[in-house]
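User: Hi! I'm new to reading structures, could you walk me through this one?
Analyst: Happy to, let's take a look together.

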There are 2 protein chains.
Amino acid sequence: MTAEIIAVGSEMLTPAKVDTNSLWLTDQLNLLGVDVTRKSVVGDDKDRLAGALHRALERTPLVLVTGGLGPTEDDLTREAAAQALNRPLIHDPAILAAIEERFARFKRKMAPINKRQAFLIEGAEKLDNPNGTAPGQWFALNSRMLALLPGPPGEMKPVFLNHVLPRLKAILPPRALRTRFYRVAGMGESDVDQLIAPIYKPYDNPVTTILAAAGDIQIHLRSFCATEEEAEARVAELGASIEAALGNRIYSRNGDPLEAALGELLRERKATLAVAESCTGGLLGGRITEAPGSSAWFLGGFQVYGRAMKTRLLGLDEKLVDREGVVSEAVAIAMAESARDRTGATYALSITGEAGPESATPGIEPGTVWIGVATPAGVEAKLHRFPGGRARIRAFAVQSALNLLRLRL
Amino acid sequence: MTAEIIAVGSEMLTPAKVDTNSLWLTDQLNLLGVDVTRKSVVGDDKDRLAGALHRALERTPLVLVTGGLGPTEDDLTREAAAQALNRPLIHDPAILAAIEERFARFKRKMAPINKRQAFLIEGAEKLDNPNGTAPGQWFALNSRMLALLPGPPGEMKPVFLNHVLPRLKAILPPRALRTRFYRVAGMGESDVDQLIAPIYKPYDNPVTTILAAAGDIQIHLRSFCATEEEAEARVAELGASIEAALGNRIYSRNGDPLEAALGELLRERKATLAVAESCTGGLLGGRITEAPGSSAWFLGGFQVYGRAMKTRLLGLDEKLVDREGVVSEAVAIAMAESARDRTGATYALSITGEAGPESATPGIEPGTVWIGVATPAGVEAKLHRFPGGRARIRAFAVQSALNLLRLRL
């Protein structure tokens with residue numbers, strides 16, 4: 001089966017606002033085996049919307065509409081759908097009573113304008129929306145289906161899940177889904193793809209999707225089959241080949257971010273971590289503490305952004321800093337060592353580099369970053385040259401620091 | 001004039017990828033006074049795309065298409081547009097020569113498949129694309145206009161700016177644009193809107209747009225007029241009323257972020273800043289150092305995430321922490337004082353709070369955050385209760401800390 005999604009609202013035809021409901025709906029439809037063949041955004045204009053709905057219903061068996069069900073005069077989805085289907089709108093006293101009850105519950109007076117929301121297309125079924133005043137609507141005739149859903153995501157999603165999904169499942173063949181969600185650090189997207197494309201390309205099922213961020217590659221496998229056993233066997237087979245090819249560059253098999261994977265390793269070892277950050281200014285600690293519960297293994301550290309802070313807060317030898325330069329192996333090593341000593345942590349990470357846009361350090365190109373790691377067994381530092389602008393270089397540095405410690409554990 | 005935008009590509013009909021080209025194009029068109037009445041995403045299917053193009057050209061004078069101009073068999077925009085216009089595709093030897101030259105320049109061999117890119121719709125003009133192999137195309141007939149643009153933003157934008165924009169400007173009445181871009185901290189979106197809606201609502205021109213993030217409200221004023229003088233007079237008049245209503249809650253008049261506005265104030269005073277962060281773990285320092293050149297005024301600080309670090313790194317009195325609790329006015333004050341002392345900075349900010357999702361501090365609700373500020377004149381702390389989840393609470397805390405110091409300067 002195929003579907004079209006129409007998002008209604010003039011605000012989504014401005015530069016500031018993008019329709020994101022359709023991404024969530026596409027995901028839900030794909031899980032059922034329904035392909036989306038077209039997405040549109042139409043403004044709050046009854047005739048334009050009626051025209052769009054009419055065409056969509058001509059060419060596609062399932063049409064989902066989000067938005068335009070509110071109480072104001074801009075909300076024209078009901079009227080436009082009725083026009084497209086050439087059917088009248090019928091007043092439904094039960095809907096009006098529910099809206100009045102909702103207003104009473106919140107101790108507010110219902111404005112008369114809300115009565116507009118109590119009209120159903122003739123022959124349509126009401127889809128309850130406990131999180132808002134406007135119910136959704138479902139209209140099915142001659143193997144054409146139209147769903148009208150509220151626009152706010154917090155209303156749209158429950159209405160879809162509770163009312164549209166069961167109706168679609170009832171008419172679609174059963175599908176079982178099994179997935180794998182790998183995350184890889186320390187490799188670029190093209191390197192990952194070069195390595196695993198020969199492995200996943202021969203497979204139609206599972207479908208493989210690769211997404212990339214700075215120093216972080218996500219590999220999604222999805223298999224749809226008639227039974228769970230078959231789907232599991234398929235993702236397990238392809239997954240095993242991908243795991244063999246990537247080895248320990250895979251840091252997560254369930255989609256957890258790198259700081260969570262690292263935290264798990266530290267927790268198992270009852271170990272703790274501290275940081276000393278120069279060019280990242282605190283981003284590494286900020287990223288680590290995104291994980292709730294990180295206080296079990298993250299102690300804290302030092303933001304030694306200014307040059308003088310490296311001697312003042314971490315006690316680095318001024319002559320060493322002068323001789324080696326702020327962005328150097330020796331300084332990265334001394335920062336990690338001192339952070340470990342001064343906090344009492346089991347491990348410490350340090351970052352010192354030049355994030356640009358202009359180099360503040362003579363002779364050091366933006367993107368040059370030394371990352372140090374101090375462990376009970378010793379201390380070392382690695383040199384990186386990251387591409388991109390300031391934000392990207394700093395994101396790469398944080399990711400590489402987390403990965404360096406992961407590989408040492 | 002009105003326009004429609006069609007984005008071509010099956011990848012934008014998946015849950016993972018959204019069309020963002022249309023946001024940029026909408027902004028460009030709005031600047032010319034052109035309203036976008038509809039946006040669509042169509043997959044790589046020739047007949048579907050030809051149908052969408054045909055309908056769009058029937059109802060709208062200007063249709064912009066992005067994507068599907070590449071060399072592969074999935075790239076069908078040329079063929080679909082030719083079909084929609086009922087015109088043949090003509091081979092253009094000059095385009096082929098340019099593509100071959102480009103491959104030679106990068107010392108690569110042109111695959112035969114690239115010849116597909118050398119076809120123009122009969123009657124169309126070629127739009128040079130120096131950043132890629134596929135040129136754009138422009139077709140105008142009987143006051144209907146169709147632009148075919150490459151999909152990659154780095155190719156699409158220059159082709160639009162260099163070739164489509166001049167063609168549109170030539171036929172549209174001249175418009176001068178003047179803007180104001182205010183940013184406001186320390187107020188919620190609804191409070192800002194309640195205060196200034198009576199001021200901006202009577203104005204059709206300038207158009208006022210309000211965008212909100214955690215603790216940060218952006219107010220955009222845009223006036224389009226026949227002359228720059230008139231547009232400037234209009235934004236100046238409305239801008240003055242808005243500035244009078246919001247006073248020093250406006251931290252930027254040119255759209256600069258809060259850390260840049262604060263940095264400017266510190267630079268003027270030749271002053272420096274240090275931080276001590278508990279629940280934000282380094283985010284405040286990370287945010288401050290997003291601004292290039294922040295090393296002129298930001299020294300660094302202490303990530304005292306774990307409880308013991310507050311005594312160990314900052315020297316806080318253990319009895320004080322025990323008696324008052326980690327999330328307390330006294331601890332926020334002691335953190336700010338110690339950070340100022342130990343770094344030698346002119347000013348210091350501290351953050352200690354409970355970011356959730358579960359409270360790690362008995363009796364302290366998630367969202368409770370104390371923010372301290374130490375200045376040469378003394379030290380104080382303010383209590384906040386922020387809404388939302390962990391990420392939002394931490395973003396609010398960072399923004400509120402920056403704003404607290406701004407107000408003290």
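**Chatting through the model**

Analyst: Let's begin in chain B, where strand β3 (residues 62–66) runs parallel to strand β8 (residues 144–149), and 5 bridges join the two. Please keep in mind that this is a predicted model.

User: Which residue stands opposite L62(B) in β8(B)?
Analyst: That is M145(B).

User: How many strands are in the open sheet with mixed pairing?
Analyst: There are 12 strands, in the order β6(A)-β7(A)-β8(A)-β3(A)-β1(A)-β2(A)-β2(B)-β1(B)-β3(B)-β8(B)-β7(B)-β6(B). At the edges stand β6 (125–127) of chain A and β6 (125–127) of chain B; each has a single partner strand, so one side of each has no neighbour in the sheet. On average, neighbouring strands of this sheet are turned by 15 degrees against each other, direction ignored.

User: Okay, and how many residues of chain A are in contact with chain B?
Analyst: 51 residues of chain A are in contact with 51 residues of chain B. On the chain A side, strand β2 (residues 35–42) gives the most, with 7 residues. The residues of that side divide into 23 nonpolar, 19 polar and 9 charged.

User: Why do you say the copies meet through the same surface?
Analyst: Because 100% of the interface residues of chain A are also interface residues in chain B.

User: Which strands called β14 pair with each other?
Analyst: Strand β14 (residues 298–303) of chain A pairs with strand β14 (residues 298–303) of chain B, in the antiparallel sense and over 3 bridges. As an example, Q303(A) has G301(B) as its bridge partner in β14(B).

User: New topic! What is the order of the open sheet of 4 strands in chain A?
Analyst: The order is β10-β11-β9-β12, and the pairing is antiparallel. Its edge strands are β10 (207–213) and β12 (250–252) of chain A, each pairing on one side only. From one strand to the next, the twist averages 30 degrees.

User: How many bridges join β10(A) to β11 of chain A?
Analyst: There are 7 bridges between β10(A) and strand β11 (residues 216–225) of chain A, and the two run antiparallel. One pair to look for is L211(A) with its bridge partner Q218(A) in β11(A).

User: Which helix packs on that sheet?
Analyst: Helix α6 (residues 189–200) of chain A does, touching β9 (176–185), β10 and β11 of chain A. The direction of α6 makes about 175 degrees with that of β10(A).

User: What about α6 in chain B, which of its residues are buried?
Analyst: V192(B), I196(B) and Y200(B) are the buried residues of helix α6 (residues 189–200) of chain B. They lie on the same side of α6(B), because they cover an arc of only 50 degrees around the axis.

User: What covers them?
Analyst: The cover over the buried residues of α6(B) includes β9 (176–185), β10 (207–213), β11 (216–225) and α7 (228–246) of chain B. On the face turned away from the buried side, α6(B) carries the exposed residues S190(B), Q194(B), A197(B) and P198(B).

User: Can we look at β16 in chain B next? Is it mostly covered or mostly exposed?
Analyst: Strand β16 (residues 368–375) of chain B is mostly covered, with 7 of its 8 residues buried. Strand β15 (residues 347–353) of chain B pairs with β16(B) in the antiparallel sense over 6 bridges. Strand β17 (residues 378–385) of chain B also pairs with β16(B) in the antiparallel sense, over 8 bridges.

User: Which residues stand opposite V373(B)?
Analyst: V373(B) is the bridge partner of L349(B), and V373(B) also stands opposite E380(B) in β17(B). The strands β16(B) and β17(B) form a hairpin with 2 residues between them.

User: Last one: where is S278(B)?
Analyst: S278(B) sits in the loop between β13 (273–277) and α9 (283–288) of chain B. S278(B) is buried, with 30 other C-beta atoms within 10 Å. Leaving aside neighbours within four places in sequence, S278(B) is in contact with V304(B), Y305(B), V326(B), I351(B) and T352(B).

Conventions
Residues numbered from 1 in each chain as written. Chains lettered and ligands numbered in written order. Predicted model: local features only at pLDDT ≥ 70, side-chain atom pairs only at ≥ 80, totals over all residues. Buried ≥ 20, exposed ≤ 12 C-beta atoms within 10 Å, placed from the backbone. Arc of directions from axis to C-beta. Contact = placed C-beta atoms within 7 Å. Pairing = 2+ DSSP bridges. Axes fitted to C-alpha atoms, helices over the stretch in contact; angles between N-to-C directions. Nonpolar A, V, L, I, M, F, W, Y, C, P; charged D, E, K, R; others polar.
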